[in-house]
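Dear colleague,

I am passing on the structure below, together with some notes on what I found in it. Please read the notes with the model open beside them.

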Amino acid sequence: MKHYLSMSAAAAIVLMGGVGTVLAEDVVVVKPEQETVVRQYIKKEPLASVNLLGVELKLGSPVPDTVELREVPDVKYRVAVINDQTVLVDPDTRQVVEVLH
């Protein structure tokens, strides 16, 4: 019986480790140079803020299809200004990857 429990515990640890690995791969890191490019772009090409009631802007938040995402040269992500906050959005998933402050 002890052997069975320890094997189950070992399997659980391996599974948990696998979940941690998957979560770590999903983390998006926006390089400081990319943030600088976006900030400079916003200064040259100001975007009007879209007001969305009840939308909380945080990592992973979905951005509605009604919000236009602007392409920024040399940056993988798109930019939008929502509720007076500049956000970087993954164009494939339309999820917020960075909220610029």
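Arg70 has Val79, a residue of strand S2, as its bridge partner, in a model that, please bear in mind, is predicted. This pair belongs to the pairing of S1 with S2 (residues 78-82), which is antiparallel and runs over two bridges. Taken as a whole, the sheet is open and consists of four strands in the order S1-S2-S3-S4, with antiparallel pairing. Its edges are formed by strand S1 (70-71) and strand S4 (96-100), each of which pairs on one side only.

The other element I looked at is helix H2 (residues 32-44), which lies across S1, S2, strand S3 (85-89) and S4, and runs at about 65° to S4. H2 contains 13 residues, and the distance from its first C-alpha to its last is 19 Å, close to the 18 Å expected at 1.5 Å a residue.

Which residues of H2 are buried? They are Gln34, Glu35, Val38, Tyr41 and Ile42, and because they cover an arc of only 125° around the axis, they lie on the same side of H2.

Note on methods. Residues numbered from 1 in each chain as written. Predicted model: local features only at pLDDT ≥ 70, side-chain atom pairs only at ≥ 80, totals over all residues. Heavy atoms only, no water. Pairing = 2+ DSSP bridges. Contact = heavy atoms within 4.5 Å. Axes fitted to C-alpha atoms, helices over the stretch in contact; angles between N-to-C directions. Expected span 1.5 Å × (residues − 1). Buried < 20%, exposed > 50% of the residue type's maximum accessible area, 1.4 Å probe, protein only. Arc of directions from axis to C-beta.
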